[in-house]
Amino acid sequence: MFVIATFENSIYIELAITALEEQGISKELILAAPLDKRKELRNLFDTIHKSDGFSLFDGPAILGTCLMLLGAIYGYELKWGPILWGIIGAVSGILLGFLIKMLMLKKSKRGGKHITSEIVLMVRCEDQKGELVEKILWDHLALGLTKI
C-alpha cells in the first residue's frame, strides 16, 4: 500500500518522517519530493479553451452596470440627457472596475494562492500500518492525503 500526502515546506514534514521511522518504517520506504514552483505569472485574460477561475471582467461589468444606471437616472436632471450620461457612466464604471481589479491582482501576485503544496511524501507500508501512517501524516499537518 502507498500513502501519498502533500505538505507545505516546513518543519512538520521532518517531524512526520521522524515519527514514521519511529514506528518501524525504514528510510528506503519513504520518498519526499519537492515540487518546482511556477516561475511565470498567470495570464490576465482567459481563452475559450483554458480558464484559471479568476475572472477579470466580473468587477468591471458590475461597476459599469451600476454607474450606467445611475447616469441614466440622474441624466434626466443633467444637461446632456439620460442616454449620454448612461454611456458616460458605463464607460467610467468599466474603466474604474478594471483599475480596481488590476490593483487587486498586483497586490495578490496575479491571484496566487496563499497555501500551496510544496512537498509530496510517499510512504510504502503494509496494509495493517496504513491507518497509523495516515494518522501520523494528518497529525503533522498534511494538506492532502490519499491511499493506493
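Two aromatic pairs are found when the whole structure is searched; the model is a predicted one. In one of them, the rings of phenylalanine 57 and phenylalanine 98 have centres 5.7 Å apart, and because their planes stand at 85°, the pair is edge-to-face. Phenylalanine 57 belongs to the loop between β2 (30-34) and α2 (58-74), whereas phenylalanine 98 belongs to helix α3, so this contact ties together parts that are 41 residues apart in sequence.

Tryptophan 80 and tryptophan 85 make up an aromatic pair that is stacked, with 5.5 Å from centre to centre and 20° between the planes.

| Residue | Relative accessible area | Class |
|---|---|---|
| Phenylalanine 57 | 46% | partly exposed |
| Phenylalanine 98 | 23% | partly exposed |
| Tryptophan 80 | 53% | exposed |
| Tryptophan 85 | 26% | partly exposed |
| Isoleucine 83 | 66% | exposed |

Tryptophan 80 counts as exposed because its relative accessible area is 53%, and the cut-off for that class is over 50%. Tryptophan 85, at 26%, is partly exposed.

Tryptophan 80 also takes part in a nonpolar patch on the surface, together with Ile83, Leu84, Ile87, Ile88, Val91 and Leu95. The accessible area of these residues together is about 720 Å². Isoleucine 83, one of the patch members, is located in helix α3, which spans residues 82-107. With a relative accessible area of 66%, isoleucine 83 is exposed.

Key: Residues numbered from 1 in each chain as written. Predicted model: local features only at pLDDT ≥ 70, side-chain atom pairs only at ≥ 80, totals over all residues. Heavy atoms only, no water. Patch = residues over 30% accessible without salt bridge, like charges linked within 9 Å, V, L, I, M, F, W, Y side chains within 5 Å. Areas by Shrake-Rupley, 256 points an atom, 1.4 Å probe, with all protein chains shown as cover. Salt bridge = Lys/Arg side-chain N within 4 Å of Asp/Glu carboxyl O. Helix = DSSP H or I, 4+ residues; strand = E, 2+ residues; numbered from the N terminus. Buried < 20%, exposed > 50% of the residue type's maximum accessible area, 1.4 Å probe, protein only. Phe/Tyr/Trp six-rings, centres within 6.5 Å; stacked < 30°, edge-to-face > 60°.
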